[in-house]
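Dear colleague,

Please find below the structure that I am handing over to you. My findings follow directly after it.

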Amino acid sequence: MKKGLLLSLVIIVSILMIFTFSFTGCKKEVSSTGEAKTESTEKEVLEEKEEAKPAEKQLKVAGSLMTLQHPWYLGVEQGLKEVAKENNIDFHVEDAQMDVNTQ
């Protein structure tokens, strides 16, 4: 009895998902000239986003690591700083020195 109910539920959910995805899969946009336009290329979308962006402020992020005495945590700190530098993020790390209250 439970297996039949579970199987019915799985089938119903699967059918609902198929219908949902089939109706939302293709989206046509209408341009300002009134003609239908298909999905934009990734390059066009990125160009539009860059044009629409105002001058951004530099993001500031801070993190706290359990300790900076262990080589693994030093590697984590170095990796975080490299990623922050690549993405123009002001990043600061604090050493909790294995104290949860400090962290």
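Leu-6 lies in helix 1, which covers residues 2-24; helices (H or I, at least four residues) and strands (E, at least two) are DSSP runs, numbered from the N terminus. Leu-6 is exposed, at a relative accessible area of 52% (buried means under 20%, exposed over 50% and partly exposed in between, with a 1.4 Å probe and protein chains only). Together with Leu-9, Val-10, Val-13, Met-17 and Phe-21, Leu-6 makes a nonpolar surface patch of about 580 Å². Such patches are made of residues with over 30% relative accessible area and no salt bridge, with nonpolar side chains (Val, Leu, Ile, Met, Phe, Trp, Tyr) joined within 5 Å and like charges within 9 Å. A salt bridge is a side-chain nitrogen of Lys or Arg within 4 Å of a carboxyl oxygen of Asp or Glu.

This is a predicted model: local features need pLDDT of at least 70, side-chain atom pairs count only at pLDDT 80 or more, and totals for chains, interfaces and linings use all residues. Residues are numbered from 1 along each chain as its sequence is written, and side-chain values use heavy atoms, leaving out hydrogens and water.

Leu-65, by contrast, is buried, with a relative accessible area of 12%, and is found in strand 3 (residues 59-65). Its C-alpha atom is separated by 8.1 Å from that of Gln-97, 32 residues apart along the chain.

Overall, the protein has 3 helices and 4 strands, in the order α-β-β-α-β-α-β from the N terminus. Of its 103 residues, 9% count as buried.

With kind regards

Terms used:
Areas by Shrake-Rupley, 256 points an atom, 1.4 Å probe, with all protein chains shown as cover.
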